[in-house]
Amino acid sequence: GPPGAEPAHTYKSLCRHILGLFTDKSVISESDLGDIIEDAFRPFDIEEVVRLQAIRDENENGAACYVAELWHGPTLAFKDLSMQVLCGFMETLLAKQQRRLNLVVATSGDTGASAIAGVLGKRHLSVTVLYPSPKFSSISVEQEEQTLRHAGEPNVTVVNCEGTSDDLDVPIEACFGDLAFKEAASIGSVNSVNVFRVIMQVVHYVYCWLQLRRAHPERRGLLEVSFYVPSGGCGHISASILARAMGLPIRTLFACVNANDVLHSLLQTGHLDSNPNAVPTLAPSMDIVVPYNLERILFLMSGRDQAKVRAWMTRWKKEGKVQLGGEERAILAETMGLRSVSTSDEQILSTIAQVHRECGGYVIDPHTAVAAAACLSSSSPDDGVPRVIMGCAHPGKFTGAVSKALGNRPASDWMPLGDRAHPAVAAILALQERAKGGDDLLSRETPGVQHFVKGQDWERTLRGILTSSNM
């Protein structure tokens, strides 16, 4: 373009640029990186990968509000964005090293299905997913269907466990704790504290800012944006803090939590108190007692003081509580621009209904609604700064909560017509039809699914599965 013109970054080109900052080109070349990104986003249902949807124009009642639709990937969850690219990186590195790796994933939500989608068609990467039976967990029928869908693929193993998430963590931790076995079986993990996934999420924020800068040419050069981020494990909000530290002009970051509000309590009072039990909510992927990435937030807040963070985390694990000083709370609020809002189940339902009513039938999922409730009700004086809600999942993944919010209408009644061509949405609608006939998903013999039953030696069985997977 002409001198001084802003380059028109696509989501893919922005990925190449930002990930390139953190990538050793002698290991992953620019050409490799381009191929990884093209392959990663091929299964997405829109060419632009991420779409920004306006849900409120700027008016006398407040700033313009947008939803960043991060869920256009193969499993309809924002995790697909980082998982697809991460698995592409791993496959490329493994091929160069002529090695294989089996990812072991415990899931009670979206992570298992997303990891499975990430390894499909890979030659050096496989996955073993353990998930708790619906009798022992709050996994939704939609999440279970997505976890089971590719169970017959040669590099995918799925295990249904008669126990809770904590129960299935035990054999996995035993396998990873045996370092000789871990190396012999070539096993690895892709949990949400993986730093690659956090770096990848920085791209979302920069992309949204660039889109809004184009949409608001009158503010060119001065545009600030506030983000409302559904926060469970706090990886996404950690990425936003990182984006702000890298220079992105973010006015305020709102960490939006449900009834499991450890982070909200910390930001409001400076107290970090352990609650031993998660409270079940309509946003189940955020029902987390100890946010995995809280340590990362404290690290960034402390000026990267490892000793101080280690002392806080040790005290928290031993005594169940930590108290931050006034100066540290000021850094969180002022230097890092971090605020928090807690949203109840009642507010989740009323916000889904409000957005549907006021935005031409637009539907959001309960996790996105946690942030939308805060965004739409927030009356903080932000001088008309545009607000972006990070949209976690397609509403079809949580049809029970959405239908309840919309007057108990069936999913086939409110599912957006434009989304029905997406293979995962079509599968959910078919699942709804089967459910009407009383056809229980687990009663069907899904090819390739293995079962851990109570009383069985799960660790021994898992070791056998992982050993045979590596042959």
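Two strands are said to pair if DSSP finds at least two bridges between them. I open with that criterion because strand β8, residues 250-257, is joined to β11 by 5 bridges, above the cut-off of at least two. The two strands run parallel. Within this pairing, Leu253 stands opposite Leu338 in β11. Please keep in mind throughout that the model is predicted.

Let me step back to the whole chain. The protein chain contains 19 helices and 13 strands. Its radius of gyration is 22 Å, close to the 23 Å that the globule rule gives for 471 residues, so the chain is as compact as a globular protein of that length. Along the principal axes, the C-alpha trace spans about 60 × 55 × 55 Å.

I turn now to the sheets. Strands of a sheet pair through backbone hydrogen bonds, either parallel or antiparallel. The β8 and β11 strands belong to an open sheet of 6 strands, in the order β1-β2-β12-β7-β8-β11. The pairing in this sheet is mixed. Which strands form its edges? They are β1, residues 51-56, and β11, residues 338-342, each of which pairs on one side only. On average, neighbouring strands here are turned by 25 degrees against each other, with direction ignored.

Another open sheet has 5 strands, ordered β6-β3-β4-β5-β13, and its pairing is parallel. Its edges are β6, residues 187-188, and β13, residues 449-452, and each pairs on one side only. As one example of residue partners, Asn102 has Ser126 in β4 as its bridge partner.

Next, what lies across the mixed sheet? Helix α8, residues 195-215, lies across β1, β2 (65-69), β7 (225-230) and β12 (387-391). Relative to β7, helix α8 runs at about 140 degrees.

Helix α8 also packs against helix α1, residues 11-21, at an angle of about 130 degrees, with the axes 10 Å apart. That angle makes α1 oblique to α8. The crossing of α1 past α8 is right-handed. On the α1 side, the contact is made by Tyr11, Leu14, Cys15, Ile18 and Leu19. From α8 come Phe196, Ile199, Met200, Val202, Val203, His204, Val206, Tyr207 and Leu210. By class, the residues of this contact divide into 13 nonpolar, 1 polar and no charged.

The remaining helix pairs both involve α3, residues 79-97. Two packed helices are described by the angle between their axes and the distance between the axes.

Consider helix α2, residues 30-40, and α3: their axes come within 9 Å and cross at roughly 135 degrees. The two helices are therefore oblique to each other. Their crossing is right-handed. Helix α2 contributes Asp32, Leu33, Ile36 and Ala40 to the contact, while α3 contributes Gln84, Val85, Gly88, Phe89, Thr92 and Lys96. This contact of α2 with α3 has 5 nonpolar, 3 polar and 2 charged residues.

How do α3 and α4 pack? Helix α3 and helix α4, residues 111-119, pack at an angle of about 40 degrees, with their axes 8 Å apart. That makes α3 oblique to α4. Here, too, α3 passes α4 in a right-handed crossing. The contact is made by Lys79, Asp80, Met83, Gln84 and Cys87 of α3, together with Thr111, Ser114, Ala115, Ala117, Gly118 and Val119 of α4. By class, the contact of α3 with α4 has 5 nonpolar, 4 polar and 2 charged residues.

One residue links these two descriptions. Gln84 of α3 takes part in the contact with α2 and also in the contact with α4.

To close, I return to the sheets of this predicted model: an open sheet of 6 strands with mixed pairing, and an open sheet of 5 strands with parallel pairing.

Key. Residues numbered from 1 in each chain as written. Predicted model: local features only at pLDDT ≥ 70, side-chain atom pairs only at ≥ 80, totals over all residues. Heavy atoms only, no water. Axes fitted to C-alpha atoms, helices over the stretch in contact; angles between N-to-C directions. Helix = DSSP H or I, 4+ residues; strand = E, 2+ residues; numbered from the N terminus. Parallel < 35°, antiparallel > 145°, perpendicular 65-115°, else oblique. Left-handed = near helix turned anticlockwise from the far one by under 90°. Contact = heavy atoms within 4.5 Å. Nonpolar A, V, L, I, M, F, W, Y, C, P; charged D, E, K, R; others polar. Rg over C-alpha atoms; globule rule 2.2 N^0.38 Å.
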